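The following note sets out points for a colleague who is reading this model alongside its sequence.

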Amino acid sequence: MSKLHDLIIVFKENAELKRRLLVTLLILTIFRFVTHIPVPGVNLEAIKQVFGSNQLLSLLDIFSGGTLANFSILALGLNPYINASIIMQLLTMVIPKLEALQKEGEQGSEQLNQYTRMLAVPLSLLQAGAMYMLLNSSQLITITTPLQMLTLLLTMSAGSLFLMWLGENLTEYGLGNGISMLIFAGIVGRIPVATLQTQATLSTTNPWNVILILVMSVILIYSIVMIDEAKRQVVVQYSRRVRGGGSGVAHSYLPIKLNNAGVIPIIFAIALVLAPSMLAQLLGKLPNTTISTAATNFSNAFSPTSFWYNAVYFVLVVVFTYFYTAVVFDSDKVSDQLKKNGGYVPGIRPGTHTASYLRQIVSRTTLPGAVFLGLIAILPSIVSQMTGVQTLTIGGTSLLIVVSVVLETYRKIQTYSVSRSYDNFIK
């Protein structure tokens, strides 16, 4: 309660935080409003029944904030933008010109972001086409002319790009990461539906399983908070002059978090792990018996509760944690900044030796963080197999994102508060 009271005081005294909070609320309100604008030419009632009976599609619906079940103009969600971001990050590792742009600072990052936006356009059209083929094969589409089909594809693509624009503005003018915040808003908006589904299942479940679920939920939340707050403090010393012509040493710490990537690896992993299942369901509707049978068998074997699904999900979370950590924590850049400011790690030579030392620490601290994040991601699936409550496969991953986004936003608010206090002190 004391932290909540402190936050209220911070918002009252900080005009910038007030503005960012209002912008965040405005964008989230627009997002929730647009999710209820349906795409023309689809059978909404039939789509809702299909999504309610298919666990994979229900999982997709949760991460889209209900836009798929409603089949709104935002039905594609942020998937095209997320996939474009993954592709661009991979290309920067193999194309020297893109790698050079990444090292040019803010201007280079803006150029890479522009390339990502451009790549998201054809990806959104491709995914819209795949979605159309999937729904059309299930006889859920009521359009009959090519012009109507083109209208549907362009509407879905434009909706995804509009959502991308909302996310970028939320990142720049609001509180926290725009992508994470929009997914967070979508999950929170679907909590009542998921709760009703879970309650209906719990009414026929063994009471001891209900207790187990509650205990595991508390442990899960506690573990997410602990792993998110854990960090390794690296001692940094700065040489400084003192009165009388002498010199002294100032001590500081460089915090290296156990999980520098936050919730982004989960979002990336979900975007990729669901792609094979969606493709298999699409191929399963083809008239070719051999292809459709193989696709159906794969879809059944790679369901969200299967071993292989969770194994691939776990590996992707670990890989993306390492990948994104390398993006957000550049050891060479940190080493150069320390050297320019006269800082050094005791016992380590400045420059490349310091960068190598920091890279080694990040590699070691990221391993337990990545493994733990992967285990938390698949733990709800394991519990659901033990208790028979299938909605936990959705709720657990959603809980992971919700808690991580809340903690990230809280830290952002603290950062703005400290910055404001520092500015007032300087004045």
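This is a predicted model: local features need pLDDT of at least 70, side-chain atom pairs count only at pLDDT 80 or more; totals for chains, interfaces and linings use all residues.

1. Which residues of α2 meet α9? On the α2 side they are Thr-24, Leu-28, Phe-31 and Arg-32; on the α9 side they are Met-181, Leu-182, Ala-185, Gly-186 and Gly-189. By class, this contact has five nonpolar, three polar and one charged residues.

2. The crossing of α2 and α8 is left-handed.

3. The contact of α2 with α8 draws on Arg-19, Arg-20, Val-23, Thr-24, Ile-27, Leu-28, Ile-30, Phe-31 and Val-34 from α2. Their partners in α8 are Phe-162, Leu-163, Leu-166, Asn-169, Leu-170, Glu-172 and Tyr-173. Sorted by class, the contact holds 11 nonpolar, two polar and three charged residues. Thr-24, Leu-28 and Phe-31 are listed in the contact with α8 and also in the contact with α9.

4. Helices α8 and α9 also pack against one another, at an angle of about 115 degrees and with their axes 7 Å apart. Their crossing is right-handed. Leu-163, Leu-166, Gly-167, Leu-170 and Thr-171 in α8 meet Gly-178, Ile-179, Met-181 and Leu-182 in α9. This contact has six nonpolar and three polar residues, and no charged residues. Leu-163, Leu-166 and Leu-170 of α8 take part here and also in the contact with α2. On the α9 side, Met-181 and Leu-182 meet α8 as well as α2.

5. How confident is the predictor, and where is its confidence lowest? The mean pLDDT of the protein is 76, and 78% of its residues reach 70 or more. Helix α8, discussed above, has the highest confidence, at a mean of 88. The lowest confidence falls in helix α1, residues 2-13, where the mean is 58.

6. For the fold as a whole, the protein has 17 helices and three strands. Of its 427 residues, 44% are buried. Among contacts between residues at least 6 apart in sequence, 75% join residues at least 24 apart.

7. Is Ser-335 buried or exposed? Ser-335 counts as buried because its relative accessibility is 2%, and the cut-off for that class is under 20%. This residue lies in helix α15, which runs over residues 331-340. Leaving out residues up to four places away in sequence, Ser-335 touches Gly-351, Thr-354, Ala-355 and Leu-358.

8. Ser-85 is placed in helix α5, residues 79-91, and counts as buried because its relative accessibility is 14%. Apart from neighbours within four places in sequence, Ser-85 is in contact with Thr-116 and Phe-268. The C-alpha atoms of Ser-85 and Arg-117 are 8.6 Å apart, across 32 residues of sequence.

9. Met-133 belongs to helix α7, residues 106-137. With a relative accessibility of 46%, Met-133 counts as partly exposed. In sequence, Met-133 and Leu-283 are 150 residues apart, yet the C-alpha to C-alpha distance between them is 9.7 Å.

How values were computed
Residues are numbered from 1 along each chain as its sequence is written. Side-chain values use heavy atoms; hydrogens and water are left out. A crossing is left-handed if the near helix is turned anticlockwise from the far one by less than a right angle, and right-handed if clockwise. Helices (H or I, at least four residues) and strands (E, at least two) are DSSP runs, numbered from the N terminus. Contact means heavy atoms within 4.5 Å. Ala, Val, Leu, Ile, Met, Phe, Trp, Tyr, Cys and Pro count as nonpolar, Asp, Glu, Lys and Arg as charged, and the others, Gly among them, as polar. pLDDT is the predictor's confidence in each residue, from 0 to 100. Buried means under 20% relative accessible area, exposed over 50%, partly exposed in between (1.4 Å probe, protein chains only). Axes are lines fitted to C-alpha atoms, for helices over the stretch in contact, and angles run from 0 to 180 degrees between N-to-C directions.
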